[in-house]
Amino acid sequence: MRGESLKGHLDLLVLAVLAEGPLHGYAVIDALRERSDAAFDLPEGTVYPVLHRLERAGVLASDWQTYHGRRRRTYRLTRQGRGVFEAERAAWNAFATAVTRVLRGPQWTAI
Amino acid sequence: MDRDLIQEYVTALRDRLGWRADVDDVADEVADHLHEHADRLVRGGLDPREAQRRTLACFGDLGLVARTFAEASSGDLAVPTRTTRLAGVAGIAAGGAWLGAAVAAIGGGATDLVRPWSPATYQIWSVVLAVATALTTLTVAGALVRIGRLRTAVGRVTVGVGVLLSLAMTVVGYAVTYLSVPLGLAVLVALRGRPAEARAMVRSLRGLAVWVVGGAAVVLFDEIVPIGPVDSYGDHPVAWLVPFLACALVSASVLAVAGVRMRAERAVDLGDDGSTPFSPAAA
């Protein structure tokens with residue numbers, strides 16, 4: 001899937017991945033790729049500004065650890081973030097269901 | 001392996017994002033990501049150099065990544081540019097203009113408490129006020145560019161208020177302390193929640209909200225609890241001259257500080273032409 005198509009949905013996808021538990025940036029991107037069967041193929045570097053923006057908005061929080069001598073930043077959903085995720089997921093499900101119904105076309109029933 | 005491509009990429013990215021206060025954190029985070037990815041590829045049997053090439057290709061072209069990092073929450077660019085540096089010059093000039101307005105007010109432009117008032121001295125004062133307000137508006141517009149908010153609704157309203165105010169000063173300059181209240185409020189709202197990396201650049205401009213206090217002080221001491229002598233118009237010149245002078249001096253200092261800071265920032269060249277040596281195609 002092209003990056004442009006993904007842009008508007010990346011926040012929700014990132015929140016969905018982090019709803020499972022705290023992860024560092026590479027693991028978030030890896031999970032996105034794995035859970036989408038490699039359909040979501042973004043330049044990995046473009047996901048970090050999304051993480052930073054969500055943190056600024058109070059939806060995510062982060063902590064630094066040391067891993068193999070490197071500084072590693074781990075992200076997690078905040079309480080507010082969990083609420084945002086649940087609301088966004090519900091809105092997306094309603095939207096997707098409606099779009100699917102339209103694309104399926106009219107359902108004729110036998111008289 | 002003769003070249004450490006990851007190190008070169010991180011160094012180049014750090015150079016392009018040098019305007020961010022958290023550039024060290026960004027560089028460390030990106031380096032951790034790249035090493036993690038390359039290590040996995042090496043463990044999978046890939047040659048280390050090829051692993052680095054593939055890792056950088058997956059991470060994205062340097063220009064694209066730098067530009068994405070430069071986007072503010074508004075979706076606009078929030079980086080120092082030649083425009084924001086020019087706005088810094090306007091800020092320094094605005095500081096001088098407000099000092100000039102304070103001097104002109106005492107020198108007979110606003111009152112005859114110190115020197116005799118005349119229509120000519122008043123005209124000079126109102127022109128200086130108009131220039132000071134116009135330069136202030138330019139500085140605020142530059143600060144809004146710096147934090148990526150000029151094209152938001154609140155950004156446009158703030159600049160619109162500044163433009164109208166600049167025009168109004170030439171006609172009703174005597175009401176400057178009242179008139180500047182909306183600009184002070186608009187600046188306060190527009191700069192609220194600014195990106196951390198631009199905090200130092202625009203923090204001082206919040207001081208323009210002093211006009212709200214100044215306007216309230218004039219109402220209080222000229223209308224409700226009058227202080228000082230009464231002039232031939234029945235006004236209390238001390239009651240509004242002192243708040244005006246205080247507001248003008250505070251404005252002069254906050255604009256000069258913001259101007260110096262914006263002027264000192266190096267204009268960013270994001271170089272997003274896709275032709276960097278780290279573009280996926282080249283890697």
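Of the 111 residues that make up chain A, 25% count as buried. The model described here is a predicted one, and in it chain A contains five helices and three strands, which follow one another along the sequence in the pattern α-α-β-α-α-β-β-α. Among the contacts in chain A that join residues at least 6 apart in sequence, 51% are between residues at least 24 apart.

The three strands of chain A form an open sheet in the order S1-S3-S2, and the pairing within this sheet is antiparallel. Its edges are strand S1 (23-24) and strand S2 (60-67) of chain A, each of which pairs on one side only. On one side of the sheet, S1(A) is paired with strand S3 (residues 70-77) of chain A in the antiparallel sense, over two bridges, and within this pairing Leu23(A) has Tyr75(A) of S3(A) as its bridge partner. The pairing of S2(A) with S3(A), also antiparallel, is made through eight bridges. Here Asp63(A) has Thr74(A) in S3(A) as its bridge partner, while Leu60(A) stands opposite Leu77(A) of S3(A). The two strands S2(A) and S3(A) form a hairpin in which two residues lie between them, and in the turn His68(A) has a positive phi of about 50 degrees.

Helix H2 (residues 10-18) of chain A lies across S1, S2 and S3 of chain A, and its direction makes an angle of about 100 degrees with S3(A). H2(A) also packs with helix H3 (residues 25-35) of chain A, at an angle of about 105 degrees and with the two axes 10 Å apart. Because angles of 65 to 115 degrees count as roughly perpendicular, H2(A) and H3(A) are therefore described as roughly perpendicular to each other. In this packing, Leu13(A), Val14(A), Val17(A) and Leu18(A) of H2(A) meet Val28(A), Ala31(A) and Leu32(A) of H3(A). By class, the residues of the contact of H2(A) with H3(A) comprise seven nonpolar, no polar and no charged.

Chain B is built from 11 helices and zero strands, so that, by the way in which helices and strands are assigned, its pattern along the sequence reads α-α-α-α-α-α-α-α-α-α-α. Of the 283 residues in chain B, 46% are buried. For contacts in chain B with a separation of 6 or more, 74% are accounted for by residues 24 or more positions apart.

One helix pair of chain B may be described in detail. The axes of helix H8 (residues 176-190) of chain B and helix H11 (residues 237-264) of chain B come within 10 Å of each other and cross at roughly 40 degrees, and H8(B) and H11(B) are therefore oblique to each other. From H8(B), the contact is made by Val176(B), Thr177(B) and Ser180(B), and from H11(B) by Trp240(B), Pro243(B), Phe244(B) and Cys247(B). By class, the contact of H8(B) with H11(B) has five nonpolar residues, two polar residues and no charged residues.

The two chains also touch each other, in a contact that takes 15 residues from chain A and 17 residues from chain B. On the side of chain A that touches chain B, the elements giving two or more residues are H3, helix H4 (47-56) and S3 of chain A. By class, this side of chain A has five nonpolar, three polar and seven charged residues. Two of the contributing elements, H3(A) and S3(A), also take part in the arrangements described above for chain A, H3(A) in packing with H2(A) and S3(A) in pairing with S1(A) and with S2(A).

Methods. Residues numbered from 1 in each chain as written. Chains lettered and ligands numbered in written order. Predicted model: local features only at pLDDT ≥ 70, side-chain atom pairs only at ≥ 80, totals over all residues. Pairing = 2+ DSSP bridges. Helix = DSSP H or I, 4+ residues; strand = E, 2+ residues; numbered from the N terminus. Contact = placed C-beta atoms within 7 Å. Axes fitted to C-alpha atoms, helices over the stretch in contact; angles between N-to-C directions. Parallel < 35°, antiparallel > 145°, perpendicular 65-115°, else oblique. Nonpolar A, V, L, I, M, F, W, Y, C, P; charged D, E, K, R; others polar. Buried ≥ 20, exposed ≤ 12 C-beta atoms within 10 Å, placed from the backbone.
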